[in-house]
Amino acid sequence: MKIILRAILITLPILFFTFFYLYINEDKYYPGADFRKFEMPIFKINSLYDESNISNNDLKGAYLVNVWASWCITCRVEHGFLSKLSNEGIPIIGLNYKDKKDDAISWITKFGDPYELIIHDLKGELALDMGVTGAPETFLLHNGNVIAQYRGEVNKMIWNDVFMPIIEKEEIFNND
Amino acid sequence: MLIEVAHYLSILATGLFFLCFLFAFILSAKDIFVINLVSRVYTHGFLFLLISFLIYVWLAINDNFNVLYIAQHSNTNLPTFYKISSIWSAHEGSMFLWIVFLCLWGVIFNLFTKNIQDLKAKSLGVISFVAVGFLLFLLLTSNPFLTILPIAPENGADINPVLQDPALAIHPPILYLGYVGFVIAFAHAIAFLVNGDPSIKWESLVRTWSISSWSLLTVGIALGSWWAYYELGWGGYWFWDPVENVALMPWLAATAFVHSLSVSIKSSLLRVWTILLSIIVFSLSLFGAFIVRSGIIDSVHSFANDPERGLYLLGFIAILIVISTILFSFRLSILASKRNIASFSKESFISINNIIFGTLIFSTMLGVLYPLIYEYLYDQKISVGAPFYNAIFIPLTLIAGVFLFFSIDSKWQRSVKIINFLSPMSVSLLIAGASLFLVNYFLAINDYWILLSVFVGILILVRYMFVIYEYLFKRKYSNPYSIIAHLGLSILIISIAFNSEFSSERALNIRMNESDTYRGYDIKFDDLRLEKSSNYDAVIASFILNGSDGRNFILKPEKRKYFARGQITTETAIKISPLKDIYMTIGDQLDDGSWIVNIQLNYFIRWIWFSAIMMAFAGLMLACSLVRGKR
Amino acid sequence: MIRPCILFTLFFSFYMSADALYEFESLEDEKRFYNLIKEVRCPKCTSGSLASSNAPVSEDLKQKIIELIKKGKTDKEIKDFLTSRFGNDVLYNPGFNQNTYFLWFAPVLFLIMGLMMFVIRKNK
């Protein structure tokens, strides 16, 4: 009886600390990455450029949705990489988040437009429905479902480590 | 350069403490020469450390920006008080302070106890060992003595405006003093276990140190709560934030510990519990330091995320705790008492108290760690917050309260028949029951938990009224410190219940020179002005409030924009009254020119902190009486 | 009054002021709102509830919650709305399901075991 008690008393702290050791050393995924699957919310919002409406029907297949704004400094940094992706044939939809139309259009004109379409989400309603907390954020969609999202700047490393594994596994973008 | 002197002194101190540890454990502690040596080496080690720290404070006051840490956290524009407090505003400096306080307790213990006292040498040895471990941590991974050479920056970085606050400036030092004070008990426990002689009454040796540490810890936590209330702008006083929980656990363990300590001193019972608790209190303090500084838990309190520091701390704390538990488990037999605890004796109630507090500590730890475990196992995130902690703490606290109530009639080392008609106990039950109906009828309280809390609170309160009456008028002796502290507890329970039940808030929308009403208060938006201060611009709104009781007063909430970082803070305006606080902040201005104005009525909130002060006061008075008793 | 107003808007030049009124149809609704925002975690902050946060996304969520309350949604429906968009960790209540049974039951078991040991040792 005493030996059992002794054993418990000694192993408990050791287990406790081992857990922490493992936890600290664990190769954590990027904290900004999330792989929760959910359906793209139904929406109908103005395009940035004109009065036409964009809705779910305009988006089919596989594409990225990138949340950006002219007031977002990190978006400027991310922009270069997005342009590169776009040139490689990856379709990106822009979601202009809580931005004045004129500010957004100037920004895009100045830095270039890597997007197929740009949704002008002035009030951030669609963004809220997608679980957006700020800019920049990027979502990977396939057949109407979000299958990956990243909060923060997407660069080559993040693209390779967070998005590419899923892209390859689900064989998206193969038809382009 | 002075900073290098300070650096060198800290290294020397580390060496001396290490020597002290060696002497204490390798040389024979029975030899008075050895004890004197250990004592002297310890004091010298502390002196070096103290001078090192004082030099550091001097450099901070004199804006020496060659020191990297001072450049990062202080600024020529700060008042001297905040230049000093900036030292503990971030990881390296606060760790330095923590270590100084740890060794400070040790040196006071050293100087105020005779060298022939049992276990003194080994206790100093243990304290030294802990000091060495943390000093190495400081010097190797978190060095506050790093310099910017050859040219110092013109001025330091501006510190977070939120930190430029008197309560927040003294909250860490008081809290640290509380945590590290338990090293004395811990050191004695380890020394006792190593020594192996069960007849040594180590418990009597640590009582004063433990009670004063407990009081400081109580004040430190209450200060944090009070600061958060008036500074953060949303009127809460406890958030179950992971780092708050990690501060609460040592306090829970400490409370159980000081009670268990009394039993062990008076009746030599519960010695196993007492020793275990002394190890647990200090371990939880260390664990708290680890959690906050390793960055593995997200919290507004955490210092920078640094896995390397986390690993080092984890390793050192693991060594301390595992050695302690090994010693404890091997010496269990010498501690176990031969006598039984009498049923319904005071000892039995305190024993149950230990179990209840143990459950609270276990539950808090579980709540803090669960998101980590969950993420590790299931790769998903969850949050554990107020709903969980409230569900555990409220019932358990009330159960503990009920046991407290019955324990008042219990005696040491014997059973007494406590159920008696016409005794103070039954009268208290009647009065509490009656007040329950009154409260339900007149105050329209229907929530069962609130009613139960009020019942238990009043039960204890009324019972102690009888105790005080008998103490004053019938010369029936009762421990006055216990009375005050437990009265404080009953007030705490009632205040939290009423605060939860009656408090309310609303976001109003008011234009300049117009009014709105809330709960019998007419609120007139009287003035709005822009003011400049040394490091911020402020928008100050003035509201004239007219209560239905005829009283009027002015409240001036503000919004500030600090120059250096462009940070915007909201400053609350509070009108304090015995029953409630009237609490206002301003939100944003809308396009139509009107402002969003937040008003809250927080009932009994001052009583919550008052009860904490009562408890701390009782502890302090007890500590003083113990010190006087020794002379 | 015009000059101060301009000063104030300069003072507060955020990107877009998200604040709007908190309007409720009843006292019940208002109370529900204030209770809900204490239980919902601010998705962007390191820690803290919606109640304690001024972050833009917090304000948006508060407005959304008010809107849902007005639409007659129950507390559960509102919470489901939030978790489907922000994940389970946006609620401070970890939930009562097979993954969290241990969290809720362990304290009770601990207490019972402790009390049992107390009783057993006393009767020895």
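The model is predicted: local features need pLDDT of at least 70, side-chain atom pairs count only at pLDDT 80 or more, and totals for chains, interfaces and linings use all residues. Residues are numbered from 1 along each chain as its sequence is written, and side-chain values use heavy atoms, with hydrogens and water left out.

**Exercise 1.** Describe the interface of chain C and chain A.

Step 1. Start with the area. The two chains bury about 1,300 Å² between them, 57% of it on carbon and sulfur atoms. Buried area is the accessible area (1.4 Å probe) that two parts lose on being put together, summed over both.

Step 2. Turn to the charged pairs. There are two salt bridges between chain C and chain A, a salt bridge being a side-chain nitrogen of Lys or Arg within 4 Å of a carboxyl oxygen of Asp or Glu. One of them joins Arg85(C) to Asp129(A), with the closest N and O atoms 2.8 Å apart.

Step 3. Locate the elements. Helices are DSSP runs (H or I, at least four residues), numbered from the N terminus.

**Exercise 2.** Describe the interface of chain B and chain C.

Step 1. Chain B gives 55 residues to the contact and chain C gives 46 residues.

Step 2. About 4,500 Å² is buried between chain B and chain C, 67% of it on carbon and sulfur atoms.

Step 3. The rule finds one salt bridge across this interface. Arg506(B) forms a salt bridge with Glu30(C), and their closest N and O atoms are 2.6 Å apart.

Step 4. Helix α13 (residues 346-378) of chain B gives the most to the side of chain B that touches chain C, with 14 residues.

**Exercise 3.** Is Arg271(B) buried or exposed, and what does Arg271(B) touch?

Step 1. Arg271(B) belongs to helix α11 (residues 271-294) of chain B.

Step 2. Arg271(B) has a relative accessible area of 9% and is therefore buried; buried means under 20%, exposed over 50%, and partly exposed in between (1.4 Å probe, protein chains only).

Step 3. Not counting residues up to four places away in sequence, Arg271(B) touches residues including Phe192(B), Trp202(B), Glu203(B) and Leu335(B).

Step 4. A polar atom of the Arg271(B) side chain lies 3.0 Å from the backbone oxygen of Ile200(B).

How values were computed: Chains are lettered from A and ligands numbered from 1 in the order in which they are written. Helices (H or I, at least four residues) and strands (E, at least two) are DSSP runs, numbered from the N terminus. A polar contact is a pair of N or O atoms within 3.5 Å; within protein, one must be able to donate a hydrogen and the other to accept it, and residues adjacent in sequence count only if both atoms are side-chain atoms. Contact means heavy atoms within 4.5 Å.
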